[in-house]
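User: Hi, could you walk me through this one? I'd like a quick tour before I set anything up.

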Amino acid sequence: MPVSIIHIADMHLGSTVSAFDAPKNIMRTREIEYTCISALKSACDYDVVLLSGVVFDSPNPPLHIADMFLGAIASCPHTRFFYSCGNHDPYISPVIDYCVQNCPPNLHIFGPEFPESVILPELDVCVHGISFASSHQQTPLLDGLMPCNPSLINLLCVHGELTESGISSYNPISLSALEEAGFDYAALGHVHDCSGIRHFGKLCYAYSGIPEPRGFDECGDKGYLCGTVSKNDVDLSFVPLAKRKYADETIDVSDITDYPTLIEAIGAVVTCKNDIYRITLTGDNKISSVLQSDRLASFCDSFHTTVIDGTHTSLSLEEYADQPTLKGQCARETMKLLRSCDAGDCELYRKACALLFDLFDGRKGSRDD
Ligand SMILES: [Mn+2]
């Protein structure tokens, strides 16, 4: 009989969002908690839940967060939950002490000393796991793995980094060692992108990624993996859970000459009102010497959009340098500054010069020549 499982990792419960204004920070913090806790509560129809570390963002989160986690597990009394602690929530920490003391009967928290195996005889399943003891783990936790009993479905639940070099501060894991031990499915945590189901010889393994993103290094769909595992078949699929996505986009403005067209171009990228966007404008700016990033962002219908001006100006100083005009003098002074300034300041001086040109032309920072 196949066993039905949910593989969920890196929930980072107890982390607080601070990138937005105060009401949105609170809303987003609560949303992340809600998604994760709902995911746990939705596990009632599954046999086994594998929590591959970093349930908690820190060793000492507010205890009501731990109560929410334990309460969600207790609300699915017929589902067996297995939890291997990771680098943010190591086994030796106040929050894990609390969870151990208040552990619902259907939750098993693996210890940090040696890989443990829990047999579920009614399912012909054996779940293996081990916890980080502290925030760093250079010695591979799975050293000294015993071979699996091949008559059972063997599931591994662990936090760590896949590497054949044996070198990592976050529990180096060797795929060849996992395959040799005879696991049917290795549920891994630590990497925040879902890897999809991968194969190494007879071994199936995956990083499920995080359920909810918290920054622009976590773009795209986020969620968990669920489905069934049997002796020779792993049928798991990715289920998106996140309420919002992060999108990090670049727009080359070189062919754009006015604000309305730029606003249209940004609008074509900011397509979902629930999502969080970072739009970096690049290329040759012929629109305005000072792009009003905040104003551009204010036109966007989204949870939050940041616009960053990464453009450069193609203003030709040489063209004006010979003129006996204010523009000519400004061009000559700017060229002098450019010869002696750090590379990082060059664009700043060029933009300042472009702004002055706009002012001389009476255009308030809107250059169109
Ligand atoms: Mn980690």
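This is a predicted model: local features need pLDDT of at least 70, side-chain atom pairs count only at pLDDT 80 or more; totals for chains, interfaces and linings use all residues.

**A tour of the chain**

User: What is the phi of Asp124?

Analyst: Phi of Asp124 is positive, about 55 degrees, although Asp124 is not a glycine.

User: And how exposed is Asp124?

Analyst: Asp124 is partly exposed: 16 other C-beta atoms lie within 10 Å.

User: Which loop holds His190?

Analyst: His190 sits in the loop between β10 (185–189) and β11 (198–200). His190 is a residue other than glycine with a positive phi, near 135 degrees.

User: Is His190 buried or exposed?

Analyst: His190 counts as buried, because it has 22 C-beta neighbours inside 10 Å and the cut-off for buried is 20 or more.

User: Okay, zooming out. How many helices and strands are in the chain?

Analyst: The chain has nine helices and 17 strands. Its radius of gyration is 27 Å, well over the 21 Å that the globule rule gives for 369 residues, so the chain is more spread out than a compact globule.

User: What does the C-alpha trace span along its principal axes?

Analyst: The span is about 90 × 40 × 40 Å.

User: What share of the residues count as buried?

Analyst: Of the 369 residues, 38% count as buried. As for contacts with a separation of 6 or more, 69% of them are between residues 24 or more positions apart.

User: How is the chain divided into domains?

Analyst: There is domain 1 (3–240) and domain 2 (246–360). Their C-alpha centres lie 45 Å apart.

User: How many residues of each domain are in contact with the other?

Analyst: Seven residues of domain 1 are in contact with five residues of domain 2. On the domain 1 side, four of the touching residues are nonpolar, one is polar and two are charged.

User: Let's look at Asp252. Where is it, and what does it touch?

Analyst: Asp252 lies in strand β15 (residues 246–252). Leaving aside neighbours within four places in sequence, Asp252 is in contact with Thr282 and Gly283. Asp252 is partly exposed, with 13 other C-beta atoms within 10 Å.

User: How far is Asp252 from Ile8?

Analyst: Their C-alpha atoms are separated by 38 Å, and the two residues are 244 residues apart along the chain.

User: Now the helices. How do the axes of α8 and α9 cross?

Analyst: The axes of helix α8 (residues 326–340) and helix α9 (residues 343–360) cross at roughly 175 degrees and come within 10 Å. That angle makes α8 roughly antiparallel to α9, because angles over 145 degrees count as roughly antiparallel.

User: Which residues make that contact?

Analyst: From α8 they are Leu326, Lys327, Cys330, Ala331, Thr334, Leu337 and Leu338. From α9 they are Cys346, Tyr349, Cys353, Leu356, Phe357 and Phe360. By class, the contact of α8 with α9 has eleven nonpolar, one polar and one charged residues.

User: I'm curious about Phe360. What does it touch?

Analyst: Not counting residues up to four places away in sequence, Phe360 touches Leu326 and Lys327. Phe360 and Lys327 are 33 residues apart along the chain, with their C-alpha atoms separated by 7.5 Å.

User: Why does Phe360 count as exposed?

Analyst: Phe360 has 12 other C-beta atoms within 10 Å, and 12 or fewer counts as exposed. Phe360 is in helix α9.

User: One last stop: which helix holds Arg30?

Analyst: Arg30 lies in helix α1 (residues 22–41). Arg30 is exposed, with 11 other C-beta atoms within 10 Å.

User: And how far apart are Arg30 and Val17?

Analyst: They are 13 residues apart in sequence and 9.3 Å apart in space, C-alpha to C-alpha.

User: Great, thanks for the tour!

How values were computed. Residues are numbered from 1 along each chain as its sequence is written. Helices (H or I, at least four residues) and strands (E, at least two) are DSSP runs, numbered from the N terminus. The radius of gyration is taken over C-alpha atoms; the globule rule is 2.2 Å times the number of residues to the power 0.38. Two residues are in contact if their C-beta atoms, placed from the backbone, lie within 7 Å. Axes are lines fitted to C-alpha atoms, for helices over the stretch in contact, and angles run from 0 to 180 degrees between N-to-C directions. Angles under 35 degrees count as roughly parallel, over 145 as roughly antiparallel, 65 to 115 as roughly perpendicular and the rest as oblique. Ala, Val, Leu, Ile, Met, Phe, Trp, Tyr, Cys and Pro count as nonpolar, Asp, Glu, Lys and Arg as charged, and the others, Gly among them, as polar. Domain bounds come from an automatic or database domain assignment.
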